[in-house]
Amino acid sequence: MAALAVALGLTGCGGARTDAGSSGGSTSSGDAAASCVDTSGDSVKIGFLNSLSGTMAISEQTVRDALDLAAEEINADGGVLGKQLEVVGEDGASEPTVFAEKAEKLVSSDCVAAVFGGWTSSSRKAMLPVFESKDALLFYPVQYEGLEASPNIFYTGATTNQQIVPGMDYLKEQGKTKVFLVGSDYVFPRTANKIINAYAEANGIEIVGEEYAPLGHTDFSTIVNKLKASGADAVFNTLNGDSNVAFFKEYKNVGLGVDTTPVVSVSIAEEEVGGIGVENIEGQLTAWNYYQTVESPANTTFVEAFKAKYGEDRVTSDPMEAAYTSLYLWKGMVEKAESFDVAAVQDAADGVTFEAPEGTVTVNGENHHIAKTALIGKIGADGLIYTEWSSDEAIEPDPFLEGYDWAEGLS
Amino acid sequence: MSPAGTAERRGGAVGRLLTGERVRTLAGFAVAAVALFGVAPALLSDFRLGLLAKFCCLAMVAVGIGLAWGRGGMLTLGQGVYFGLGGYLMAMHLKLADAGPGGVPDFMLLYGDGTVPGWWEPLRSPVVTVVAIVLVPVALASALGFAVFTRRVRGAYFAILSQALAAAFAILLVGQQKVTGGTNGLNGFRSFFGYDLADPVNKEMLYLIAAGTLLAMVAIVRLLMRSRFGELLVAVRDQENRVRFLGYDPAAVKVVAYAVAAAFAGIGGALFVPIVGIISPADVGVVPSIGFLVGVAIGGRATLLGPVLGALAVSWAQTSLSEQFPSFWTYFQGALFIVVVAFLPGGLASLGGVRRRWRAGRAERDDVPDEVPARAAQAPTTPSETVTSGSTP
Amino acid sequence: MDALFSQLFAGLSLGSVLLLAALGLALTFGQMGVINMAHGEFMMAGAYTAYVVQSLIADAGVSLLVSLVVGFLVGGLLGLVLEVTLVSRMYRRPLDTLLVTWGVALVLQQAARDIFGAPNVDVRAPAWLSGAVELFGLGVPRTRLFILLVAVVCVTALALVLKLTPLGRRIRATVQNRDLAETSGISTRATDRLTFFVGSGIAGVAGVALTLLGSIGPTLGTAYIVDAFLVVVAGGIGQLKGTVIAAFSLGLLQATFEYSTTASIAKVLLFVVIVAFLQVRPQGLVSLRTRSLA
């Protein structure tokens, strides 16, 4: 009798297969994903998708705060094309699969006009197929490893030639010849270090060590021992999150210091300095495109508004600024296109500019990144980061590093 | 000896007594089939149906855990490994298929050296892939199972080892970015054995396959549990030494159950990939591995349908609750675990009359504790009719 | 040569961290058979204790020493509450304890996130622990020496307590033969509670000590829990000696593997070694001789 039950199950299963076989073969996808965005009323829906739980919540909550601020400002100012923004917020739970699921929900169930969010490379990679197959828009606000340009994603953080390459330019300018690479074991550090290796080879810099620690790794004695023994005169640090704390404490304890072996970090922003401890990291360098201390009228307004909304003790950082900017850039694109339609927005994107807190940014219509100024900063005793060196003008985004001879063969 | 697969017929008297039970089971399957194949596709939007398909894949792992843990007493904290193996094998095949004959998957061009490593090559073949999805998890589980169970490493030790396995597996996947995609995992699949994955019709097909596979797995577990193997498995859980004294090899029984659980997890992982469109180390590590247990514990670990329904309910609750209250969900999940396991070890299925007791005097006990450490083994907590009571010296 | 010595020390230091993390477990898991997945969260509580104490006492040196004591109490009290409310009901169901305490761990993590905020907090190291001292011609970080010292002190104290005090005798008696101990007039319930208090208290101390090395955040405990359990399992149950040897061996192995390969591969190799080792000695390095079959 139990066999019958199995047979039942199998019949169901088999039925499904044949059924699917016939229909799957005859139908092609085509434009199955017609837009369901409702623009008839006096409001329009947009989606914010950030991790509010899990390990990435630390960072992504700040991005959400910045996005909320921008939406509030835009609504107070009359909305976009006269329509108020209606925000649908979702939690990515620090898991790529949840990002994919929630992205699909925002696009197909909530019918939002655009989604803003994502942080880790894995969350972006997980969402990319969703946005491409549904032909929807994602604004991604974090510096990342480059080598990507989807028509459905706008990248408002730095790509490699706006952060990593300037970071190396700076070290070269300082006369550093032996660089040690340390990073967390995941996509961004490995890709970044691949680029750094190519750069170093072409610029007479020796890479004296390249070490990766598993995410969340807390014991850096061996890696720091290797660093110390390598005779490096600078460190390029792509560690993520908690590991930075353990690394910098160890680094300080074995007697390394800013004077002899400065560390350039690309994942430490104002938010993280407090947790690492200013006393462990004061004087170290960072590479970003925005610091809270940037002097511009737009930044003064941004910082004041942010502190007024979330408290005096809060700080602003590069990813937050990039998220804030992303919403305004989308507004600019929609207003230029005079439509919320994805294709129209994509067509209108090229050349849209915004007076952002970091300075004027311009959208590159070809690769959907934005032109940004690179800033090398020094961490001050007050926990804020102060610009030490600037590329002076906005650097055009080049996600595939096509404009750099030494980068040939990297992608 | 090999107790598996000998689905022996019960004696006539017992058989007659079980008729009512069989009818109910058949009716249960019929209802489930109608709900899964008829009602759900008709009522749910494409998006929600996709979610249900994903939940079905997670429930497959739960069915396996129900067998290994609920019936066999092996608390496995590492099912993410087998889920991941199945998932990655499928994902590798899909990546290779998308790349075309002789092609190189896109992420290898970006992060690797642009060549396909030799051990990927066999997965170009769909047949090899499907076979590997079942065989690789089974092989690993059998190897580990033999290593561990024959040395009588059990209970807590096994749980901790399996957890370490999950941790090591996730780290390994992350570390070998050039061939595994690192933290990004594998994603961006366009087709599934030739069918376009963007087409809603094919998505519904995937849902039907997942739902059908899940039902089939439940049926297999039922068959297994009604065989001599099932009796032995429960006996090993309750009194391993006594089974050994009776001339059976408890290790073999355990290995088979563990391997079946691994196969289910692998198949679940393999179907998860085309449905969700991504597999990454975040789906296979320590935390997701324990996550698989939540539904099983809540639904009722030693029942037939408890793990499935529990897993489906928990997945659903997570998706809908975490939308509104992300931090609340964590508390809720923790509290559920505490309350159910501490105070209701039989799961929700032990509440009221949902639990199906066999009437032939062979009570299918679902509130039996896990293996008891040696010093506490003197007092079996639940009276058992199949094994004569007595105390182990 | 230098590299050899510095790696040797790195291994010892890593071993002392593992030992601190595992010592409390050796008591609660090894002696009592309770798998407490919230052990890591007790360490986290200890670390946050150090943070709170430092915000009350400005002097980093004093606050560190005070924290070690307060951390012990905080960890111990958390453990006691857990024992009385949940674990005591489940001594016959060790695997269920594992799941229940995992639920507790989830709740504690989220509670820490809600109380102290998701970002990491910082505990300053006292001046007398900053920098390195010269030992055998190589610079050894003072913080790591301090942690080694804390670990040694904890083990010694625990060993003495178990060996010499009435409490220790009661604990050993209860572990070796619960029924006989009970018959002899020992309150095994009270002994269980005290054992759990001490074991969890050591987790608190470990948490305080770890603030010198790494970050203080809600997930601090999860980084150590798997390793700590492996140490206890490899060391064998019921004897502190095994835990000490296992902690230092695994520390040295990890440091060696990490030096010659990468941190990721080292972790995987370590696991393989432990599984292989348990093939040879399923009962761990050192085991209590009993007549039981298991």
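**Ground rules.** Residues count from 1 along each chain as its sequence is written, while chains are lettered from A and ligands numbered from 1 in the order in which they are written. Because this is a predicted model, local features need pLDDT of at least 70 and side-chain atom pairs count only at pLDDT 80 or more, whereas totals for chains, interfaces and linings use all residues.

**Entry 1: the sheet of chain A.** I started with an open sheet of 5 strands, in the order β2-β1-β3-β4-β5, with parallel pairing. Strands here are DSSP runs of E, at least two residues long, and helices are runs of H or I of at least four, both numbered from the N terminus. Two strands pair if DSSP finds at least two bridges between them. I noted β2 (84-91) and β5 (153-155) as the edge strands, since each pairs on one side only. Direction ignored, neighbouring strands are turned by 25° against each other on average; angles are taken between N-to-C directions on a scale from 0 to 180 degrees, with axes fitted to C-alpha atoms, for helices over the stretch in contact.

I then looked at one pair, β1 (43-50) with β3 (115-117) of chain A, which is parallel over 3 bridges. Phe48(A) has Phe116(A) in β3(A) as its bridge partner. Helix α12 (318-337) of chain A packs on this sheet, touching β3, β4 (138-140) and β5, and its direction makes about 165° with that of β3(A). A contact means C-beta atoms, placed from the backbone, within 7 Å.

**Entry 2: a hairpin in chain A.** Further along, β14 (375-379) and β15 (385-390) of chain A run antiparallel, joined by 5 bridges. Leu375(A) stands opposite Ser390(A). The hairpin has 5 residues between the strands, and Gly383(A) takes a positive phi near 85°.

**Entry 3: Ala259 of chain B.** I found Ala259(B) in helix α12 (250-276) of chain B. Is Ala259(B) buried or exposed? Ala259(B) is buried, because 24 other C-beta atoms lie within 10 Å (20 or more counts as buried, 12 or fewer as exposed, in between as partly exposed, with C-beta atoms placed from the backbone). Leaving out residues up to four places away in sequence, Ala259(B) touches Val138(B), Ala141(B), Ser142(B) and Gly145(B). Its C-alpha atom is 7.4 Å from that of Pro137(B), 122 residues apart along the chain.

Next came α5(C) and α8 (188-210), whose axes come within 10 Å and cross at roughly 170°. That makes the two helices roughly antiparallel, a label for angles over 145 degrees. Ile147(C), Val150(C) and Cys154(C) of α5(C) meet Ile202(C), Val205(C) and Ala209(C) of α8(C).

**Entry 4: where C meets A.** I looked up the interface: 34 residues of chain C are in contact with 30 of chain A. The largest share of the chain C side, 7 residues, comes from α1(C).

Notes:
Two residues are in contact if their C-beta atoms, placed from the backbone, lie within 7 Å. Angles under 35 degrees count as roughly parallel, over 145 as roughly antiparallel, 65 to 115 as roughly perpendicular and the rest as oblique.
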